[in-house]
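Morning, everyone. I have one structure to walk through today. Let me put it on the screen.

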Amino acid sequence: MLPEIRQQFQQYLGKEHEIAAAPGRVNLIGEHTDYNQGFVLPGAIDKKIFIALAVSTNNRLNMRAIQYGEIFSYGLDEIRPVKGWPTYLLGMIHMLMPEKRLPYGLDLVVAGEIPVGAGMSSSAALCSAFGLALNERFQLGLTRMAIALAGQKTEQQFAGLQCGIMDQFASLHGKAGHLIKLDCRSLQFEYIPFDFTDHRIVLVNTMVSHQLASSEYNLRRQQCEGGVFRLQQFYPEIKSLRDVTQAQLLAHQEQMDPTDFMRCRFIVEENKRLLDGCVFLKEKNLEAFGRLMYASHWGLSRDYQVSCPESDFLVEEIAKIPGVKGARQMGGGFGGCIIALIKTDRVDACISILQEKYQNQFLKTPDCYIMSISEGAQML
Ligand code: GLA
């Protein structure tokens, strides 16, 4: 944690405070599969959100975000959805506290390193950090999975995004040097080492904020559910797209709504890519893994239609640069970052080529981040 942040916490809260930290995430492959009860392959990153909390003197919930210079204050009975970032904190109180309220007021200070709107899950990190802090302060005895599920419900009910469990799960279960293969139906998971020294994970930010994407996101979810509903008429045993094979889908293309069909095709293929991808990773075959990343991107772009011209441009251009194994748009879509696997000794060259091309095309320079896969949320 940066010494400035510690100093600011000290300045606003005084001596007696505790600090929780929770990371954002990357996802190597398996996009939009979580709410279809499929698999995902995230890892926690070395960019975090920090929340410091102390007992308040006015018996209210007072929140300050250093990054935005904003302060909000709520009465203990004012726990309901609001606009902006405080809704995540109010949501976690609603989901986790026994009486859906705090027994006494708290002062909270939030500081963040995760770029907002870049598809690195800053909101999930906020929920995870606060959930952990509440669990600790009020001795709630919750598992990390219970906190993750509360974060997901908060996103759904307090922020209106009908998200899956990937982001909150990854923020709470991250392990340094490991990706996590999560089965979003059973919630069983497996750590897969990602300890390549000759390759790095690099994020390239389109600088297009995905803030407005939630209505399209929710629509994708409905379209997938529409596809499942139709397929169940032929295969009653199907519960989600997780259960659908490519052959079953193709056999009923004519009877399906064409848009729903494209959405379902992407999900069925993406799930398969993830399963194959995990095998390639264990075999240390990054060439093959990288090819799956490109395939994932073009599926997201053409079938799932959650990409944007900026992401497509970056993936198209990066594919031409020597030393790049694979790349694709990451997260919910409509901007945010692309994630790329690049040979370590080519990272700097690759970033400068890409930044120049992007600058020429879109008149802005993409921020680039070289990631390391880190530990999940913790009390400091
Ligand atoms: C967002 C959601 C996740 C997941 C991804 C797409 O990050 O919060 O649950 O659906 O989009 O894979």
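Start at the ligand, with Asp 167. In this predicted model, a polar side-chain atom of Asp 167 sits 2.7 Å from a ligand oxygen. How much of the ligand does the protein bury? Of the 300 Å² that the ligand exposes when taken alone, the protein buries 94%.

Glu 31 places a polar side-chain atom 2.6 Å from an oxygen atom of the ligand. For Arg 25, a side-chain N or O atom is 3.1 Å from a ligand oxygen.

Now the rest of the shell. The residues around the ligand also include His 32, Asp 34, Tyr 35, Cys 163 and Gly 164. Which domains supply them? Domain 1, residues 3–192, and domain 2, residues 199–371, each give at least three residues.

Next, strand 4, residues 61–65. Four of its five residues are buried, so strand 4 is largely enclosed by the rest of the structure.

What are its partners? Strand 5, residues 70–74, pairs with strand 4 in the antiparallel sense, over five bridges. The two strands form a hairpin with four residues between them. Look at Gly 69 in that turn: its phi is positive, about 60 degrees. Strand 6, residues 106–112, runs parallel to strand 4, and five bridges join the two.

Last stop, Arg 64. In strand 5, Ile 71 stands opposite Arg 64. In strand 6, the bridge partner of Arg 64 is Val 109.

Notes:
Residues are numbered from 1 along each chain as its sequence is written. This is a predicted model: local features need pLDDT of at least 70, side-chain atom pairs count only at pLDDT 80 or more; totals for chains, interfaces and linings use all residues. Side-chain values use heavy atoms; hydrogens and water are left out. A residue is near a molecule or strand if one of its heavy atoms lies within 4 Å of it. A polar contact is a pair of N or O atoms within 3.5 Å; within protein, one must be able to donate a hydrogen and the other to accept it, and residues adjacent in sequence count only if both atoms are side-chain atoms. Accessible areas come from the Shrake-Rupley method with a 1.4 Å probe; for residues, only the protein chains shown count as cover. Domain bounds come from an automatic or database domain assignment. Buried means under 20% relative accessible area, exposed over 50%, partly exposed in between (1.4 Å probe, protein chains only). Two strands pair if DSSP finds at least two bridges between them.
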